[in-house]
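Open the model in your viewer and colour it by secondary structure. The stops below go from the whole chain to one pair of residues.

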Amino acid sequence: MVMLRIRSRDGLERVTAEGAHITVSQLKTLVEDQLQIPLHSQTLSTNRDLLLAKTPADLLAFTDLSDPNLRLSSLNLAHGSILYLAYQGERTIRGGPAVTPAGSFGRKMTVDDLIARQMRVTRQEKSHCDSVSFDRDCANAFQHHVNESLAFAVKRGGFMYGTVTEEGQVEVDFIYEPPQQGTEANLILMRDAEEEKRVDAIAMGLGMRRVGFIFNQTVMQDRTGYTLSNAEVLQAVELHAESELQEWVTAVVKLEVNEDGGADVHFEAFQMSDMCSRLFKEGWFETEIGPDDDPKLSKMKKAVVVGVKDVKEVDNDFFLVVVKILDHQGPLSSTFPIENRSIRATMRALKTHLDRAKSLALVKKMSDFHLLLFVAQFLDVSSDVPALAECVRLQSPVPEGYALLIESMANTC
């Protein structure tokens, strides 16, 4: 079973299907059955601009899901993917909140009613993630860059990919670093949807998925009294909420002063609490942070209850649940130039990488996520990319067609 998220003018809703092999026609039937939207009035698209369409003529521009026989799997749509829906007419949203009169306009509020309506913020003792284990090579490649190249002067971040066991143990096997702009205090992710499709296609072939977010704090941050700043909490919970993965992990890399007065690179891992995610999804957080705001406090739009007090500022530590950190040696290397850094990957870098270990089978040389991502630019994202990644997962021979293409690319420099 797969769950697809459908965003329309009514917000984000969910449709459950037997699998990503279904056709567009079958999906529309599911939308009609589960969301009560007539099939004939539906316009579906993977393009979010559909929600900006004003007239029926505007809807005609969105044709990527107009073929009723098109299978969703051919578009790399899978569990958790978002589709956009426009429809004409009105509907009653199933499961909408029931409205009951209260106060001076209806029945009187009791003390129990008032208590039930309060938002209470408490510490969450147990995380949904039992532990997070980092592949040594990918963790070292990330911390080495922020330490040696960036000197912890600016922020850097990445999405962690790996697997989640039935026991809730997360294993991180590679880190994808999206286009971004880091400063001393802020990290702006300039996400590339097409590149992320290639990343997710590689992950699918490897039997992996996005499992968390990692970033570094800078030496210029005044971290006295807080673990994560209010801005970091906002970014972390936004990405956590986007993932809809219960075991999602947020990892932080920082410099800590050791007993000898030197500095050691230190990893910490957390989950954002269930209450933090709920407050974010329901719009309680103030998202504008001023220069005079205390970084250790997150501001609320309305008062919440902490202990016995009504407050509009909450200590960030209330939102963090510590996760145990382990390490392992995963199936991938991290020696190829990493994407979206100052030094770009080139065909010469591909040739150098392949020549470095001539005695190894090609599949061994290709067992590097960053190399796969570079090659993926020249392959079909819905078929070739996951197929090549699956060869790496199974350590099976690379088909001759892919081998010839990769060899010709390397020889163009």
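A residue counts as buried when its relative accessible area is under 20%. In this predicted model, 45% of the 413 residues of the chain are buried by that cut-off.

**Whole chain.** Select everything and show the C-alpha trace. Along its principal axes the trace spans about 80 × 70 × 40 Å.

**Contacts.** Take the contacts between residues at least 6 apart in sequence; 67% of them join residues at least 24 apart.

**Cartoon.** Switch to cartoon view. The chain has 12 helices and 16 strands.

**The sheet.** Next, select the strands of the open sheet, 8 in number, in the order E15-E12-E11-E10-E6-E7-E5-E16. Their pairing is mixed. Which strands stand at the edges? They are E15 (320–322) and E16 (324–328). Each has a single partner strand, so one side of each is left without a neighbour in the sheet. Look across the strands: from one to the next, the twist averages 35°.

Zoom in on strand E12 (residues 263–272) and its neighbour E15. Strands of a sheet pair through backbone hydrogen bonds, either parallel or antiparallel. E12 and E15 run antiparallel and are joined by 3 bridges. For the last stop, select Met-272, which stands opposite Leu-320 in E15.

How values were computed:
Residues are numbered from 1 along each chain as its sequence is written. This is a predicted model: local features need pLDDT of at least 70, side-chain atom pairs count only at pLDDT 80 or more; totals for chains, interfaces and linings use all residues. Side-chain values use heavy atoms; hydrogens and water are left out. Two strands pair if DSSP finds at least two bridges between them. Helices (H or I, at least four residues) and strands (E, at least two) are DSSP runs, numbered from the N terminus. Axes are lines fitted to C-alpha atoms, for helices over the stretch in contact, and angles run from 0 to 180 degrees between N-to-C directions. Buried means under 20% relative accessible area, exposed over 50%, partly exposed in between (1.4 Å probe, protein chains only). Contact means heavy atoms within 4.5 Å.
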